[in-house]
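Welcome! Have a look at it first, and then we will go through it topic by topic.

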Amino acid sequence: MANMDVVKFLLFVSFIVSSCSGFYLPGIASVAYCPKESAETAAHPNCKAPIELLVNRLDSQESLILHEYSAFDFCQAKAEAVGPHENLGQVVFGERIGPSPYEINFKAEKQCAKLCDKSYKSGDKPSEDLLTFLKEGIALNYHHHWIVDNMPVTWCYAVDPVAGSTAPQKFCHPGFPIGCYVTAGGARQGACVIDGRYSTPDSYYVFNHVDITVAYHPIDKEIEGAGRLVSVRVWPRSVRHSTSGDCDEQQPPLFLPATSTNDVTVSYTYSVKFEKNFEITWASRWDYILESMPHSNIQWFSIINSLVIVLFLAGMLSMILLRTLHRDIAKYNQETGDDAIEEYGWKLVHGDVFRPPRRGMLLSVLLGSGVQIITMVMVTLICACLGFLSPAQRGALLTCVLVVYVLLGTPAGYVSARIYKSFGGIRWKSNVLLTAFLCPGVAFAILFIVNIVLWVIGSSGALPFGTLCALLAMWFLVSVPLTFFGAYIGYKRRLIENPVRTNQIPRQVPEQSFWTKPLPSILMGGILPFGCIFIQLFFILGSIWSQQFYYMFSFLFLVTLILMLTCGQASVLLCYFHLCAEDYNWWWRAFLTSGSTALYFGGYSVNYYITKMSMTGFLSGFLYFSYSAIMVLAFFVFCGTIGFFSSFWFIRKIYSVVKVD
């Protein structure tokens, strides 16, 4: 019966979250574009002719060090040009959006338009440094990230066909490389494999020409000659320009030898063409990008895998609750007078099961922070399922996470204060301060150290001083007062009454078997919850470290619910086994049993770094593991809190229905 209830609940949730995916980008308005001649007339006041191309920070899968567009010696925008302002999430995530020198007008095609020339003189130290930095960026496969009409400019190319198909698969990447490198041994790296002419050993090929293709959906019924942009694709090429300025594909590529004493001049050009597209509408223009991302069949496999684990645990819990536990309670409640049954099993420790644990203050602080993180995750996922945090809303996801976390200081202080009060704690000031500063302080300390490193090396990923001050203001002026307020309410509430009294003299815990000792049981408890999420983790880490869009929030929401169920079930199951073994020290063990899932998460992050990442250098590894440490800490507190409160509810239930003298 319990299994059927779980299945019905999960099917209902899956129906709800699948319907959530029907919402599309609330708050994003479409823009109509017209030819320049039409846009300048009063007949089309709502049309724009100029198509603004914005540049963003450059990144690489071989290095976590981000660089602004201006860090490389590319053609720059005019001095009076101003880019958009980034929101908090964009700045924290390292985005630096600015104007570009590319001039594009609707339906105005260009062929080999000259952008600028960059000359590098041999023997000139500043010039040689710029050229060396450009070569290093090419060797590390740094990518441009351009934005047009709030859409990423994509680089589409053919990849190997999927299993069971002979047709090559088209992959559209939201970014394109600045060049490619051929090793001294002749091995072509990165994008050099797309053209056989990129083959000179130990050479750097600069992609100094781009063919930009703008696809638009005509809206002649609304405005004659107008259209809405549905895609912008770019094809980068290396071109050694002739004196005539020809940019056709017959021109030889421009390469920079690794060792050369000659002067070098790089000419940057671009071509623009427009294409009508009647099939793609403005509302579905993101589909061709998202279709290149991992398909949903793998996501459904992840869901099914998680459901199998949940049903397995639910079956075991059903057997315990409906058979073993029911039989135990029936025996314990038998009234046989002088022939009363001698107490045994979990009833034997009723006088010690609610004995306050050691380091109760730390446990209460972690539980308060855990409630804050759990609530933040659920609020964020619900907003994402409703479409408010789509990829088109740049930086919205991280902004939502930071703002919601800060505003949830009240439940953190309330829970921490109530739990600590139930432990009989009297150092309430220390409890409130630790709740407000311990977990956020650890995360901020790691970020601050990382930020100092990024400042020193000049990376655009470093947070500006003003953003750091804004984060500190949100923490000290919003989160901390709310935590104090929540703690005040929690301390004013009456003490949590336990269903049984605690004996004055603690009972001695008998010798435990190997599997009921703390360390083996804790490590065993994290395996099943991790098994529910390890497939989803692959996509999440890919979106974080491999610059991929993550948009399947409905799957993530469902997997999060399954994870919470699994953590609670695993913790209750092992807690019951320990009580039957007359070990009443369940407080910390309930927290650590589910919290140990973070240990496997950390191990998976190390494995992902070794097997999936191609990063080089100590700094990239330092940044990767620093950010991973913050995620592991948050995951530890998240899972541990779920396990604790599940066991807390279970123990209060079973001891409230048994008769105790």
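Is R359 buried or exposed? R359 is exposed, because its relative accessible area is 65%, over the 50% that the term requires. Please keep in mind as you read that this is a predicted model.

**The chain as a whole**

- The chain has 661 residues, and 51% of them count as buried.
- Its secondary structure is made up of 17 helices and 19 strands.
- About 31,100 Å² of the chain is accessible surface, and carbon and sulfur atoms account for 62% of that area.
- If you take the contacts between residues at least 6 apart in sequence, 78% of them join residues at least 24 apart.

- The mean pLDDT of the chain is 83, with 86% of the residues at 70 or more.
- Residues 6-27 have a pLDDT below 50, and this stretch makes 34 contacts in the model beyond near neighbours in sequence.
- Where pLDDT is low, the predicted coordinates should not be read in detail.

**Positive phi angles to look for**

- R359, the residue from the opening question, sits in the loop between α6 (296-332) and α7 (360-385). Its phi is positive, at about 50°, although R359 is not a glycine.
- C112 is another residue other than glycine with a positive phi, here near 55°. You will find C112 in strand β7, which covers residues 110-120.
- C112 counts as buried because its relative accessible area is 15%, under the 20% cut-off.
- Q547 comes after helix α13 and has a positive phi near 55°.

**A bent helix**

- Helix α13 spans residues 527-545, and at F534 it bends by about 45°.

- H143 belongs to strand β8, residues 143-144.
- Leaving aside residues up to four places away in sequence, H143 touches R57, L58, D59, W155, H173, G175, F176 and P177.
- One of these contacts, P177, is 34 residues from H143 along the chain, and the C-alpha atoms of H143 and P177 are 4.1 Å apart.
- The H143 side chain also reaches the backbone oxygen of N141, at 2.9 Å.

**Strand β16 and its partners**

- Strand β16 runs over residues 209-218, and nine of its ten residues are buried, so β16 is largely enclosed by the rest of the structure.
- Which way do β16 and strand β17 run relative to each other, and how many bridges join them? β16 and β17 (residues 227-237) are antiparallel, and ten bridges join them.
- To find this pairing in the model, look for A215, whose bridge partner in β17 is S231.
- β16 also pairs with strand β19 (residues 264-276), this time in the parallel sense and over eight bridges.
- For the pairing with β19, look for I212, whose bridge partner there is V272.

Methods
Residues are numbered from 1 along each chain as its sequence is written. This is a predicted model: local features need pLDDT of at least 70, side-chain atom pairs count only at pLDDT 80 or more; totals for chains, interfaces and linings use all residues. Side-chain values use heavy atoms; hydrogens and water are left out. The bend at a residue is the angle between axes fitted to the seven residues ending there and the seven starting there. Helices (H or I, at least four residues) and strands (E, at least two) are DSSP runs, numbered from the N terminus. Buried means under 20% relative accessible area, exposed over 50%, partly exposed in between (1.4 Å probe, protein chains only). Contact means heavy atoms within 4.5 Å. Accessible areas come from the Shrake-Rupley method with a 1.4 Å probe; for residues, only the protein chains shown count as cover. pLDDT is the predictor's confidence in each residue, from 0 to 100. A polar contact is a pair of N or O atoms within 3.5 Å; within protein, one must be able to donate a hydrogen and the other to accept it, and residues adjacent in sequence count only if both atoms are side-chain atoms. Two strands pair if DSSP finds at least two bridges between them.
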